[in-house]
Amino acid sequence: MRFALPILLVAVTVGLIAAALFGVGQAGGTVGIAAGSALPGLTPNAGTPEQALANLFTDLQRRNWNRAFAALSKTSGVDEPSFIQDWAGANGSLRTFSNLEGYDSRPLHATSDDAQVRVRLHWATPVGPVEDVRDFHLTHEGDGWKVVWPKVEAPTVPAQVVPVTYLRWDLISGGAEDGWGSRNVDSPHVRIISMNAVESAEGSVVMGEVVNEDTIPAFVNVNAALVDGSGNAIDDESSFDKIAHVLLPKQVSPYRIDFPNINLKNVKNVRMDVKATLVPASADPVIGVMDQKLDPDVQGKSVLHGELLNQSGQTVNIPHVIASFYDSNGKVVWVADGYVDRSLLPQTSEPFAVEIPRTLAGKVQTFHVVVNQYSLGKS
Amino acid sequence: MSTAEGYSRPIPLLAIVLVALAVHGPLLLMQLPAGSFDTNFHIFFASHYVHHWFDPWNEKWFAGFSQTTYPPLTHQWIALLSNVVGLKMGYMLVQLIAVLLLPVGVFRFARIWVDERAASYAALGSVFLGALAFLVYQAGQLATVASAALYLNALPYFYEWMTEASGRSLIKGIAISWTAAAAHHVTLIFGLVLFAGPVLWVACIDARDERVAASTTGALSRAIVFAIVVGLGVGAVLGPYWLSILQHPIHQVPIPHDSRANLLLNSITAVNYFVIPYGALILALPFILMRGASLRRLRPLLLGFWLTFIFGLGGTTPLPRWLLGRAYEILTFERFTFWATLMAMPIVGLLAADLLDRFRAKAAVGLSLAAVMTIGAALTWLTANPYRPAGSVNVDSVVAFLNRDGHDTYRYLTLGFGSELAKVSTYTNATSVDGDYNSARLLPEMTHYGAAQLTNAKFYGSAGMGALRGMLDHANRYGLKYIFVHDAYYEPLLTFVGWRKVDTFNNGEITAWSKDDVPPAHKIVSDAVPPAWQGLLWGTLPIGVSLLALFLELFLPGGRRMPVPVEISAPAEEHYVA
């Protein structure tokens, strides 16, 4: 027993550790704390393209940049700073706030020397989960697979002076007690110009458009309450981030209000309520929407593509696109939004994409895009 | 006394307690734990008892929650002491008492297994444990430390009752066990298996070997009596807790915690949850195994240590998940490492005695260095580890904002404040929808996501931000009007969902955000409000049993006649004094 018991305990411990290493007892940690690496010898060899990608993503999640860069093929057309910037973002873009939370990979083709893998990357961002589909090319080098990272073309902005002649509305509040909104003047005149309630995969959706009919900017929130046959409220929700909250005079914004897990059949009435407050606002930065077209993407989904062009002289850190889609009668049949994960430098453009449900793709005849934005230090 | 005698004699317990006071006293009086993860949480709970001793319903977090969801003893003692020294120093004093009780408990627990000399070394070593420093100064787990210290003090009475049928031991053991439960329920539940199991086993061994007067049947039957009385008492003392947990079992989505990670797959996690807590004890592991297995009386302790050790490894092995089931996703596992180090100490005491017998002054120097380096590494790690709480935030301006101009008629949220959320809550009159105690959350916006506090939402990825979005979406429902941001990460979301920056504090370090159409907060109806009789029980029984235990310990002295563990005695050839 003197030796048998210690040997038994050590053997059982090693066996249990091995069982956990082979996938039985894994547990996730927190996402935001990214540090450390596996103990030497415990990182699996990149014997397959999928394992090579898994090792790379593990290092990228933990921001082990040197190890990640070392896992790239020598044929990659990128240096380490560009590689880091491509992955982690720059200029206060959405990507700089994002962490890779998970991914699904699917091989497109593979030979003994090279492979193509399509990866759906799941990012955790401040504005919610964001998905990104990216194709990776891998080559077999030495005794393992390496990722070929493509050359990164970072936008360059020449030194220049950009004259601006935009409108701006300032607000003199009555004092510190007034908070940010003015309470001493009438609210801006804002009106809901369309409303449509539909059933979606997740529940019910109320959507439409709202217009600021006034000559002053308005901060707008659209609320909706679903009412059943006996006049009782089933649920009430607000437009949240599916609206451009600050509307300049005469500006129109789509809105969408989601009611998860509510069956539209139980709804007899929808009570709409729009609240508007006078706020300071400016027309800058001016962002143009170019080359909009509705096409299927590589996965066969219907996606509205286009380019955002920053026509002003300041960086837009996080652009947000909200699109309303109309049928042949001009009725709003869907409202969708999407965030652009790269910042819009002055006088440059970035592509955007907004997905619509496949079932609605055939109905859509026209669309209207509104661009919302977040710029660091200008909230 | 010759130098040889000096080495062969046990260290007086009073001297050990004074060493503990010398080591931890200054650190606690300097309020080093003030920046730990849970200190502000404990102070927040205590602050409620200061104002509402008999009403455990607290409106300040989660739009209302019951403090019967957490054993109250340590918080009530802080509340009592705060009347004299204030809340923060009250916390430090209660923590200091727990730290001073720990070596006493380790000494008495070790005496069940080893002779007085080795037990004294074990007690002295426990003062320098990395796991203790980790829990006190980094994690701020006041209740875990206090309960473990009390529990270790109760176990010798349990042993004496089983082996000697001593009525005094029964009464004292029961009173201290109730007190330990009133400090922390989890320690009692797991201590029953991990600590009391080996003690029961060794009592049976001693009875069978006729080392004690009791028979095996007698020891077992007395153990059952002890367990029944303790169980009934704990049921009563923590009655409101059990009722609340029965009414609202923890069904929330599991929240990730790094103590459940596989330590071998992340070096930082391994350092944080293994290297720092064990420190120099890692070098003693082979000895613990060999010596624990070589002596029959020590085998129950060795097996208890091994099981606790495996649990402390979290997700490094699948055993905790297999044995605990769903509870695995609720518990955190650093406390098991602490318990494992405590269980190892009697055998480590033997190692120290052997080393001193063999290498004299060299051993004394080596052991001292190992002990000091262990606690030194744990204290250094406070500033070096990436898991440390975010730097202290001056929240005075936030508290002042909430307490003026009727701002406290609305609810508020903090983002990026970490454990300072509890500090804001302690000193403001306003109420929040967030809170820093996962088991008390009932709001669906929080329980439906695998994330803990909203103020730390980003650390839980999409789950955390999903919970935050859900809460912001229902801001009007909860009267949530003010958000204080200490991390620019959250600003894009607030901007896009319609919040506007209204103020900045501390030279821009903190920004205040507001939403204009939010109505004043109203009371959220909850079925979790404890009735008045539960408040009365909660305010009397836990503190009452602690006073009873104190009274019995002081005024009901009883000679402890621990069995001489004859197998363990090793003849010392020569003794030297350092």
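Predicted model: local features only at pLDDT ≥ 70, side-chain atom pairs only at ≥ 80, totals over all residues.
Residues are numbered from 1 along each chain as its sequence is written, while chains are lettered from A and ligands numbered from 1 in the order in which they are written.

**Exercise 1.** Find where the pLDDT of chain B is below 50.

*Solution.* Start with the term: pLDDT is the predictor's confidence in each residue, from 0 to 100. For chain B the mean is 92, and 95% of its residues reach 70 or more. The stretch below 50 is residues 569-578 of chain B.

**Exercise 2.** Describe the make-up of chain A by its helices and strands.

*Solution.* Helices (H or I, at least four residues) and strands (E, at least two) are DSSP runs, numbered from the N terminus. Chain A has 5 helices and 19 strands. Next, its C-alpha trace spans about 85 × 60 × 50 Å along the principal axes.

**Exercise 3.** Work out which element of chain A gives the most to the side that touches chain B.

*Solution.* First, two residues are in contact if their C-beta atoms, placed from the backbone, lie within 7 Å. By that rule, 53 residues of chain A are in contact with 50 residues of chain B. Several elements of chain A each supply at least two residues to this side, among them helix H1 (4-21) and strand S3 (128-141). H1(A) gives the most, with 9 residues.
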